[in-house]
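Please keep the sequence and the model in view while reading.

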Amino acid sequence: MNPTTWTFWQPLLRRLWLPALVFAVLLVATAGSTSFYFPPLTEVLGVLWTELLHGGLVGDLWFSLRNIVLGLALATVVGVGAGLVIGEIRTLRLATGPLLDFARATPTVGFVPVIILTLGIGSGPKVFLIFLGSVWPILLNTVSGVQAIGPAVHETARGYRIPWQLRLRRVTLPGALPQILAGIRVALSIAVVLMVVSEIYGSPVGLGNFILQSGSSFHVAETWAGTILIGVLGYLLSVLLLLVEHALLGWYHQRAPRARRAVRPPTPPAHKPATERATSNGVVV
Amino acid sequence: MGRVRLLQLGALAAVLALWALIAALGVVSSTALPGPASVAAEFTDLVGGGTFWQAVGDTLRGAVTGLVVAVAVGIPVGLVTGVYAAAEESSRLLTEILRSFPVIALLPVFLLVLGSTPGMKATVVFIACVFPVLLQAQYGARSVTPAVHETVRSYRVPRLLRFRRVILPGAVPSIMTGLRLAATTSVLVAIGVEVLTTLPGIGHMIMESQQAGVSARAYAYILTAGAIGYAITMLAQLAEHRLLRWRPPTHPGGE
């Protein structure tokens, strides 16, 4: 074999053999399965395909996707905006610390019955719920991102009398961006969960409604198909976000890890913000 | 420190006042947002009764069961896959896909397969919690420096001893971060499952109260859930500090 193609294929092979093996095992194990709960994988994928092409699943997918995007966009605007203000003003940051931590710790899924029973089963309350759940990680990460900017940077900006709008746009925002994006990644997983929960709880359309309906009418293959589709949607959205992150943070990732680490404060602040790092965004509720 | 506490109390008072104002002005209907006074009254009523503690116990039981199993599985698997680069590389794509999976979406499937049982709740919690623990353990094991590995090798430290006395302590800071995330997640998932099924617990009480039109009680339960989540975060941070006293202070956030 050509050595250059081998060096290209080898790492890919090392990463893909296990997922491929798992897929193959699932395919073989369920083939000809007569179990009611575990239909053959080929049948599930076939159902997924026909539902997407001929059924109403595309409409459900569109409804769910739109709610996630709207809620997350709203949460980003509000979270980053409020986070920049709170992060810049020390008094405000100290005063709101415990309140923000409490808000972050309150499970938004608890609000699902309250909001949907009072505001209805339409799209609006769902967008609001997604916003409510995803705004906190973004806000808290923005605050700690602003905090992590070295005091020297602030003093330089002040020393040159850079106007505050310009400072916010060209110094604070880029400085906090790595943390903000990590927060958005955490928020995304929360948004997907709230999308599913709010649609299972009460909705005429959407992916959550699809799996609930097919599940309660014992269409097992459809239920599995919908569940897989939600998983794929969640994964693709996180990959998309990762691509955005690479595009926006090329400058950050190109720096040496040591220099990158120095951006963060050398000593823990008195109040430790509940920051989620990019490595720990496994909070898939 | 006293000044900071005062500021924080002031902020709390301001938020409560704003809440009371919004509720009093009737900007939002009282079923969507009851006033703080009625929520507080409901809360004191609840704390005196048995159903409240029953619900809290049910939620915590499901959350803790799932969490314990997740820790028992996640830490060993994470450490082993973290130490051997080949294992980490092979399992990366799989864990990436699985951890971005919204576990609650498995609920209809689980309702079909396992039925509406407390065991099902714990299973959903387990699946949601195992990935943060596993990934953080993996990350921690990878952060053990090559120099340490070589020292261990040259002293021919047995494999089991190496995991127990070298890799595990080295990975503890990272594991604690995973544990904190998983603990918060466990309560969240347990409540999520209860909201959507008929299983008893805080989530179920929220739903029942709201359906009965007593939204102040629903809010009292939501705030209870918030208090539990907050307490877990604080306790985990405290444990982190105590467990990691031997270490020089590192940057916050537990990378």
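In chain A, the residues A:Leu57, A:Asp60, A:Leu61 and A:Ser64 of α3(A) meet A:Leu207, A:Asn209 and A:Phe210 of α9(A). Two residues are in contact when their C-beta atoms, placed from the backbone, lie within 7 Å. By class, this contact of α3(A) with α9(A) has four nonpolar, two polar and one charged residues; Ala, Val, Leu, Ile, Met, Phe, Trp, Tyr, Cys and Pro count as nonpolar, Asp, Glu, Lys and Arg as charged, and the others, Gly among them, as polar.

The model is predicted: local features need pLDDT of at least 70 and side-chain atom pairs count only at pLDDT 80 or more, whereas totals for chains, interfaces and linings use all residues. Residues are numbered from 1 along each chain as its sequence is written, while chains are lettered from A and ligands numbered from 1 in the order in which they are written.

Helix α3 (residues 57-88) and helix α9 (residues 207-216) of chain A have axes that come within 7 Å and cross at roughly 135°. Axes are lines fitted to C-alpha atoms, for helices over the stretch in contact, and angles run from 0 to 180 degrees between N-to-C directions. Helices (H or I, at least four residues) and strands (E, at least two) are DSSP runs, numbered from the N terminus. The two helices α3(A) and α9(A) are therefore oblique to each other, the term for angles that are not under 35 degrees (roughly parallel), over 145 (roughly antiparallel) or 65 to 115 (roughly perpendicular).

Between the chains, 63 residues of chain A are in contact with 68 residues of chain B. On the side of chain A that touches chain B, α4(A) gives the largest share, 10 residues. The residues of that side divide into 38 nonpolar, 18 polar and seven charged.

The largest nonpolar core holds 125 residues, of which A:Ala191, A:Val197, B:Val124, B:Val125 and B:Val133 touch the most other members. Such a core is a set of buried Ala, Val, Leu, Ile, Met, Phe, Trp, Tyr and Cys residues joined through C-beta atoms within 7 Å; a residue is buried if 20 or more other C-beta atoms lie within 10 Å of its own. Leaving aside residues up to four places away in sequence, A:Val197 touches A:Val109, A:Val112, B:Ile104, B:Gly192, B:Val195 and B:Leu196.

Chain B has 10 helices and zero strands. Of its 255 residues, 41% count as buried.

Definitions and conventions
A residue is buried if 20 or more other C-beta atoms lie within 10 Å of its own, exposed if 12 or fewer, and partly exposed in between; C-beta atoms are placed from the backbone.
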